[in-house]
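Student: I would like to learn how to read a structural model, beginning with the overall picture and then turning to details. Could you take me through one?

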Amino acid sequence: MDSDTSESNLVILTNKAYLSFYIFLVTASFFAGDFLHPGVTSFLPIVFFTIMGTFNKKLINTIIISNSVLDCVAVMAMILAVEHSNIHKRAAIKILLIFGCSHFRLSFILFMSTAVLSMWFSNCMACGLMMPLVKAILKELEKMGIMETYEIIGKVTSDSINNEKYTPRPSDFTIFYFIGIAYSSSIGGMATFVGSETNQLFMNYCAAIFPDGPKVESPRYLLLTLPGVIIMEMFLYLWLNFYFLGMLRVQNYTALQASLTSDEEQFISVLLARQYQQMGKIKFPEMVVGTAVIMAAILQAMVYSNSTSYSDDDKFNTRRYVTTSVPSIICVLILFLIPSNMACLKFCRKQNDDSEPLPTSASGGFLTWSMVKNNLDWTVIFLTASANITFDSLEDSGMTEEFEKFLSLFTACPPTAQACIVIVFCKILTEFASNATVGRCLLALIANVGVKSKVNPLYLMLSATLSTSLPFHLVTGTPAYAMIASYVHIPPRKLMVVGIGPSLLAIVLNLFTACVWSKVIWPEIDSYPAWADGMKINNIP
């Protein structure tokens, strides 16, 4: 028996699939335990894969230019332009004038607006557009004495080498708002094909793998997911207000801070109106940046992402990245090219020889290389790339086929039990890797499991798609979480704890959507179809 055990251990140690999975588990434990800075942890997969020889060097080129990384970089550059133009401050004051300063009311408007935006834009862009706006609103509330954006901790005694030092950390109010818009971007994106890359993958996989199967139409899919999105968003609003602001609690101090008297609200409204009046008319930088951002958002809503295709040799190709990042990149290029003021028009006029030279400030655009280089958060980029690397390497080493074997163990179970297992399994994996990468690597294999168990493949693929759309615990789940965590320095443990409530409800709602509500929208999903036997993928026997 000892020889058999040693042989099995040797097989595992020499198998690249299990070595990759071991590296995946180590990296996941570092992210979950917050043992190192997230930027440092993001380098661990590359180091380990290189040392153990399980890393495909050609894979890194594909990952670096992937849609999620490019979209993340472009959105962060757009945030810099918005903050530089100061348009977010004007919008923040206007929102406070219209809706007041109540945290309960403001959080409802901001969370719901983010969810609606993410239905038509990518999650990263929807969250990115709201981040400077939320930050400006919190700054205005802090000026009015309603809340504190940051708390001061870690006071060092006066007998230390330096005098007193303080380490700022975001207050519960700040964490509350930014986690709310990040989670709302994931929830709203689940409703449409445009809003979530996992939904786009589901549609493209169904069309490519099952050419004789029914087309997954956008209106039906919206009807399928919209009830769950509404319930999830309402629960998120109540959960975050309960957790951070003490809603529904008895005599909670934070809840008392979140409310204002009518006299206080009237006084603050007068101050905000005077401040807005002092800002004057909309300036040229605000007009240009606002127009560029709106144009990028509209273009992104019109982009059709074709992430899967067949090559000439009938081999299923799952790494084709020409997607929603293109409008964001175009917007950034425009902001680089357009001058930051109108002084450059002097060169269009006829000038004398003794005319004054153009000021140096007029030669730059709204975005400059020095601005991007000095303010771009590279930690977010490394986290986004790392979230792709960890799971892409699992697919490259063949570990995803082992996942298929694991799911095939439950082929004798009822379809509802299989859907539940797929939902929980994909939910766990997508917390530690990019949700789009997990969906791209697993959807075809899950379809294969459905064919083997004689269950409608769309049934299990839909379960996986819904589950991978809603990570709630780690910054690796989606670039939006990495962006908000780095933007206001949210501790990773906050995401770990706060996400427990939404995760539990997500599992229940996704199970209901896949097993009950889907039969109302697609009555034929309850039976095994004949077109499933014509599955076109090269790894099907």
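Predicted model: local features only at pLDDT ≥ 70, side-chain atom pairs only at ≥ 80, totals over all residues.

Student: What does the secondary structure of the protein come to, and how much of the protein is buried?

Tutor: The secondary structure consists of 25 helices and four strands, and buried residues account for 52% of the 541 residues.

Student: How are two packed helices described?

Tutor: In general, two packed helices are described by the angle between their axes and the distance between those axes. Here, the axes of helix H6 (residues 67-85) and helix H9 (residues 123-143) cross at roughly 25° and come within 9 Å. Because angles under 35 degrees count as roughly parallel, H6 is roughly parallel to H9. The crossing in which H6 passes H9 is right-handed.

Student: Which residues of H6 and H9 make the contact?

Tutor: H6 contributes Asp71, Cys72, Val75, Met78, Ile79, Val82 and Glu83, while H9 contributes Cys124, Met125, Gly128, Leu129, Met131, Pro132 and Lys135. Sorted by class, this contact of H6 with H9 has 10 nonpolar, one polar and three charged residues.

Student: Does Thr430 count as buried or exposed, and why?

Tutor: Thr430, which lies in helix H20 (residues 415-432), counts as buried because its relative accessibility is 0%, and buried means under 20%. Leaving out residues up to four places away in sequence, Thr430 touches Asn435, Val438, Ser467, Thr468, Pro471 and Gly477.

Notes
Residues numbered from 1 in each chain as written. Heavy atoms only, no water. Axes fitted to C-alpha atoms, helices over the stretch in contact; angles between N-to-C directions. Helix = DSSP H or I, 4+ residues; strand = E, 2+ residues; numbered from the N terminus. Parallel < 35°, antiparallel > 145°, perpendicular 65-115°, else oblique. Left-handed = near helix turned anticlockwise from the far one by under 90°. Contact = heavy atoms within 4.5 Å. Nonpolar A, V, L, I, M, F, W, Y, C, P; charged D, E, K, R; others polar. Buried < 20%, exposed > 50% of the residue type's maximum accessible area, 1.4 Å probe, protein only.
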